Amino acid sequence: MNKLKFCANISMMFMEHESLLQRYDAAKRFGFKGVEFWFPYDIPLNDIAQKRQEVGVEQILINSYPGDSKLGECGLAALPGREEDFQKAMQLTMNYADALGCKRIHIMSGKLPPENLEREQKTCLQTLTSNLKNLLPELEKRGITGLIEPINNQTVPGYILNNYDLAISIIQSVNSPNIRLMMDFFHLQQIHGNLSKRIEQSLPYTGHIQIAQVPGRNEPDSQGEIDFQYVLSLLAKFNYDGWIGLEYRPLSDTETGLGWINKLACAL
């Protein structure tokens, strides 16, 4: 499995360091060549861009600006009537991506009150598809891949894009190499299970992968539902050559928890 390459999600890992900027250094010290994180928007763009350049790691992924965090917003891409807000959010996001040299953006769909999800989901997914198509010229111009990720409704109740079949259908409809799937095993296992078949079906549409154990969202070798020795070997078997984001919550300190890399015969 030495062909696989891993990046640290420093919104969840290296939390022993208070500042996101300090976590760049921690990831570099451990040997990571790439990092990803969620929302950098409370840090001045120039400060974070300078830090990434100083440390010399690749910025693999950032999440799109999620909207009003005080209202619990979790993305805008699938919310009817919020198209202008989505455009502004993506402009900000792409400015950060450009400054960080980042070529992948997780375009967050958003959520509804759970009781409204079934009734309004179809309309919301039509809005998501339309917004993605309208965003394509900017993504193509900047050489950025937009990623859509199904998120399970236990972790984020009411998240609109909550099914891999729906996500793949949207990607097929948009029909562009600049819109791809983010396959997160933590969510995939909880939404569908049957990882062997689902991984094989999803890989042709996939632009990025994330991993964490189920149900605790901890290290891959922690107790849980997924046999990571097996599923990572599938990625190697299918010649997946993209990045794998370690989007998990360490059980203790981050560096102790990273012993799984040697245990599973992986390499950074």
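Helices (H or I, at least four residues) and strands (E, at least two) are taken here as DSSP runs, numbered from the N terminus.

## About the model

This is a predicted model, in which local features need pLDDT of at least 70 and side-chain atom pairs count only at pLDDT 80 or more, while totals for chains, interfaces and linings use all residues. Residues are numbered from 1 along each chain as its sequence is written, and side-chain values use heavy atoms, with hydrogens and water left out.

## The barrel

Let us start with the overall fold. Eight strands form a closed barrel in the order β1-β2-β3-β4-β5-β6-β7-β8, with parallel pairing (two strands pair if DSSP finds at least two bridges between them). Direction ignored, neighbouring strands of this sheet are turned by 30° against each other on average. Helix α3 (residues 83-100) packs on the sheet, where it touches β2 (34-37), β3 (58-63) and β4 (104-106). The direction of α3 makes about 170° with that of β3; axes are lines fitted to C-alpha atoms, for helices over the stretch in contact, and angles run from 0 to 180 degrees between N-to-C directions.

The UniProt record lists residues 25-263 under "domain: Xylose isomerase-like TIM barrel", in an unreviewed entry. UniProt positions are given in the numbering used here, feature names are shortened, and annotations may be inferred rather than shown by experiment. The span 25-263 is 45% helix and 14% strand, and its end C-alpha atoms lie 24 Å apart.

## A look at β6

Strand β6 (residues 179-184) pairs with β7 (residues 206-211) in the parallel sense over four bridges. Within that pairing, Met182 stands opposite His208 in β7. With β5, strand β6 pairs in the parallel sense over three bridges, and Ile179 in β6 is the bridge partner of Gly146. Five of the six residues of β6 are buried, where buried means under 20% relative accessible area, exposed over 50%, and partly exposed in between (1.4 Å probe, protein chains only).

Asn178 belongs to the loop between α5 and β6. Its relative accessibility is 13%, so Asn178 counts as buried. Leaving out residues up to four places away in sequence, Asn178 touches Leu136, Leu139, Glu140, Ile144, Thr145 and Gly146; contact means heavy atoms within 4.5 Å.

## The annotated active site

Which residues carry the feature "active site" in UniProt? The record, an unreviewed entry, places it at Glu149 and Glu247. Although spread over 99 residues of sequence, they cluster in space, with a largest C-alpha distance of 13.3 Å. Both Glu149 and Glu247 are included in the lining of the largest pocket. On a 1 Å grid over the protein atoms alone, a cavity is a set of points where a 1.4 Å probe fits but cannot get out, whereas a pocket is an open set with protein on both sides within 12 Å along at least five of seven lines; lining residues have an atom within 4 Å of a point.

Glu149 sits in the loop between β5 (145-148) and α5 (164-174), and it counts as buried because its relative accessibility is 3%. Beyond residues up to four places away in sequence, Glu149 touches His106, Tyr159, Leu161, Met182, Asp184, His187 and Gln210. Glu247 lies in the loop between β8 (243-246) and α9 (254-257) and is buried, with a relative accessible area of 6%. Setting aside neighbours within four places in sequence, the contacts of Glu247 include Asn9, Glu36, Trp38, Asp184, Gln210 and Arg217.

Gln210 is placed in strand β7. Is Gln210 buried or exposed? Gln210 is buried, with a relative accessible area of 2%. Thr254 touches Met13, Phe14, Met15 and Glu16, not counting residues up to four places away in sequence.

## Cysteines

How many disulfides does a search of the whole structure find? The search finds zero, a disulfide being a pair of cysteine sulfur atoms within 2.5 Å. For Cys7, the nearest cysteine sulfur is that of Cys102, 9.7 Å away. Cys7 counts as buried, at 0% relative accessibility. For Cys74, the nearest cysteine sulfur is that of Cys124, 14 Å away. Cys74 also counts as buried, at 15% relative accessibility.
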